[in-house]
Amino acid sequence: MSTNYANAVELKNVTKRYNELVAVNNLNLTLSQGEIFGLLGPNGSGKSTTLKMLLGLVQPEEGSVHVLGIDAKKDPVAIKKLVGYAPEAPHLYEFLTGIEFLDFIGDIYGMHTEEKRSRINEYLKALQLEGREGDMISSYSEGMKQKVALISAFLHKPKLLILDEPLNALDPRTARIVKDFLQELKQQGVTTIMSTHILEIAQAVCDRIGIMYQGKLLALGNMEELRRMASMPSSGLEDIFLKLTGTGDIKAVVEELVK
Amino acid sequence: MNWKTIRDLIGVEMKAGRMLRGKRLIKYNTGRNRFFTYLEYGVAVAIGLAVGVLIGYFYNSAFPADIQSQFITVFANFQVSLPTLILVVTLVFTMMQQFQRSGTSFKNQAPYWLPVTWQEHTTASIFSDVLGIPLIAIAAIAPAIIAIAAFTGQLPLAIGASVAMCAAAFTAGATTEVFRILQVRFTGAVYKSSGKAAIWVRFASTLVFFVLFYIVYSYVIYGTGISNALQAVASVQSAAWFVPFVWVGVTLSYFASGMFIYGAVFLILSLLFILGLFYLCVSLNTRFGLYEPPAITVSSGVYAPKTGVLGKLGFAPVESALLRKDLKAFTRRRELISAFILPIVVIIIPIFSSFNTSTSSSSSAFPTQFGFAFTSLFPAAVMAMMLGNFMTGEEGQSIWRIYFSPISAKNYVKSKYAFMLFFAIIILPITSIVGFFIYHPALGTMFTLIAESVFVVFAVGALSLANGIKGADFNEVPRPRMIRAEWSIINLLTCGAAGLAVLAPLIPNVITDVTGIQFTFLALYQAVIISGVIAAVLTVIFYQVALSNAKELLTKAQV
């Protein structure tokens with residue numbers, strides 16, 4: 001397993017097809033260590049496929065994917081050991097209690113018992129799950145399930161975080177904790193890739209933002225660079241996104257609905 | 001109570017059955033004709049009426065006088081037994097329906113935001129429980145007995161029996177409703193969540209169902225005929241007069257025998273009991289109907305690190321974690337518990353059979369050997385086949401956890417295979433002890449069959465695991481299926497073939513035992529050794545296939 005790497009993520013000329021559909025089309029993307037990157041795009045734009053390729057879950061037809069210096073095609077298990085992933089749907093084992101699930105996750109990542117114990121307790125306390133950790137996950141609210149999914153992504157101190165809609169269903173306090181925590185992790189050199197539809201969050205948290213549309217990376221850069229690309233010098237991310245993705249016909253749609 | 005609201009609520013409950021059947025609507029259809037909705041009940045009435053008229057016609061034209069008087073007695077007993085029979089049938093079907101619903105993500109929350117009273121909601125819920133087989137049975141039987149009674153001159157009894165059947169079905173529906181609400185309240189088990197208590201309640205009730213079924217089956221098959229069985233039901237009903245559930249039948253019985261005062265007393269008692277049961281349902285629904293999913297605490301919340309026994313046995317932390325997770329899954333998830341029930345049912349069958357055959361012991365060794373083989377070998381082999389079948393599909397949508405966790409194909413197959421072997425092998429001594437006490441086999445026979453069971457478990461387990469990984473079905477809607485239908489069949493056939501292949505060297509010895517003709521060309525110990533070698537070879541091959549299938553599975557996330 002390689003531990004010396006210049007970039008946390010490197011996708012070169014990556015193309016992935018599902019039969020006739022080109023999900024990702026000749027994607028080039030490089031993320032440096034400690035960067036928080038926002039991956040945006042309308043539904044079906046290829047974001048999820050890209051994230052799956054980073055984990056080695058989906059193999060591209062063309063191009064290469066290197067994560068933390070490891071070829072995703074050759075050693076996906078090594079990548080998974082270093083990555084923390086929180087999917088959009090938490091996919092928790094509902095027949096386990098919260099603490100049993102986190103214990104399971106700790107074991108899967110080969111954590112030492114003492115470290116596992118202290119980190120689980122810290123996270124449970126920080127995300128206000130204390131007192132409910134012995135309850136079945138099936139009895140948790142959506143927000144509590146999301147907290148458990150996030151803890152399971154953070155627990156083993158990953159080098160790269162891949163978070164799909166990480167703040168879904170979270171209360172404002174926890175959302176703030178997670179955002180601040182990501183900034184702290186950035187200082188420690190942890191790279192974060194975040195996919196979200198809540199553009200305010202992307203604008204507030206991410207160093208750089210990539211906008212995908214129909215499998216292509218339409219725009220890539222920080223807010224200033226995106227404004228320049230869209231020729232919208234004082235606009236927010238929402239307007240830039242709608243302009244770049246050509247989905248800005250909102251007014252007409254609303255007028256049609258009002259009729 | 002607004003009966004239109006009740007009818008509409010019943011319509012919703014009827015549509016909920018789609019979840020169980022996996023029926024998907026292609027288009028938005030609101031204009032379904034009510035005629036077709038209730039067609040099955042209409043057909044049942046027509047069939048019942050036709051059969052009744054036919055029997056009545058034969059009674060009048062073809063039965064001699066002595067048969068006619070015998071028929072009238074049996075028919076009266078039948079009618080008196082009907083309420084209790086319908087009660088049992090309805091209870092079984094409504095309870096089973098609840099179990100079925102519990103296996104889906106189906107939620108039956110009362111529509112509290114609508115102008116519906118708890119009485120209406122409860123009534124609709126009870127009626128909808130009775131829909132289906134119980135109501136079809138009543139719809140067929142009631143016109144049939146009324147038609148026959150018109151010929152035999154027992155019309156008042158037949159009308160009474162028809163009304164009593166409806167009352168019995170309502171009682172059963174209300175009882176199920178009480179159980180359902182209490183189960184939801186105290187265990188949270190009916191829906192997605194589960195708890196240990198719920199699992200064991202379900203486990204016990206399923207066993208009781210199978211035992212009852214087998215007692216009835218044995219009585220009908222080995223007993224003294226259907227007329228005596230009906231007479232027995234009627235007698236039991238009268239003897240158990242203090243049990244409120246048989247009061248409807250007792251009422252009918254007293255009226256049939258002309259004891260009108262007793263009949264009237266039990267009629268009042270029956271009405272009071274049904275009303276009481278209904279109001280119990282309503283008050284339970286009022287109290288617990290809008291439940292918050294109960295927090296089912298199975299651990300204190302205090303962190304308890306694992307001591308690593310599995311680690312000492314040579315399992316990697318990843319494999320140990322998977323094993324522990326699966327152990328919890330198979331003890332907490334109701335849809336997986338069938339893997340443990342079936343082998344127990346397999347044990348129960350010969351126990352009951354032995355009661356019937358205990359008086360006519362056979363001198364032949366073959367039934368003993370076969371019975372012992374069935375009791376000891378079959379459950380372990382079936383368990384290996386079922387667990388291998390389920391163990392990948394049971395992950396459901398959470399298979400994503402496996403996909404994006406650092407779990408290799410080797411870790412995955414090793415932990416699943418070990419889990420399956422552990423449970424299949426652990427049941428072997430239990431079934432062997434039961435088999436030994438029932439069949440008293442020779443020690444040589446016993447040890448041979450136990451060794452063969454172990455061989456079969458290893459080979460069949462590896463094969464079923466390979467099949468289970470290949471054919472896994474992770475869809476949880478409409479209900480967890482674990483494995484695709486075609487792979488389930490393939491698994492059954494290939495596991496049967498693999499089991500036969502392992503046992504093949506012993507076939508000549510079995511033929512010799514059965515026919516008495518010397519057919520063997522190998523000593524028993526030689527046959528067992530060859531069988532072991534075959535099992536080892538098959539195990540290695542199938543394990544490699546399972547590994548290859550697991551590698552494919554772990555890179556299949558794109559599906």
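Predicted model: local features only at pLDDT ≥ 70, side-chain atom pairs only at ≥ 80, totals over all residues.
Helices here are DSSP runs of H or I with at least four residues, strands are runs of E with at least two, and both are numbered from the N terminus. By that rule A:Thr50 lies in helix H1 of chain A, residues 47–54. Residues are numbered from 1 along each chain as its sequence is written, chains are lettered from A and ligands numbered from 1 in the order in which they are written, and side-chain values use heavy atoms, leaving out hydrogens and water.

A:Thr50 has a relative accessible area of 2% and therefore counts as buried, a term that means under 20%, with exposed over 50% and partly exposed in between, for a 1.4 Å probe and protein chains only. Leaving aside residues up to four places away in sequence, A:Thr50 touches A:Leu11, A:Val24, A:Leu27, A:Leu39 and A:Met212, where contact means heavy atoms within 4.5 Å.

Turning to chain B, we have 21 helices and two strands, and 48% of its 559 residues count as buried. Among its contacts between residues at least 6 apart in sequence, 82% join residues at least 24 apart.

Finally, which helix of chain B holds B:Phe151? B:Phe151 sits in helix H6, residues 133–152, and it counts as partly exposed because its relative accessibility is 31%.
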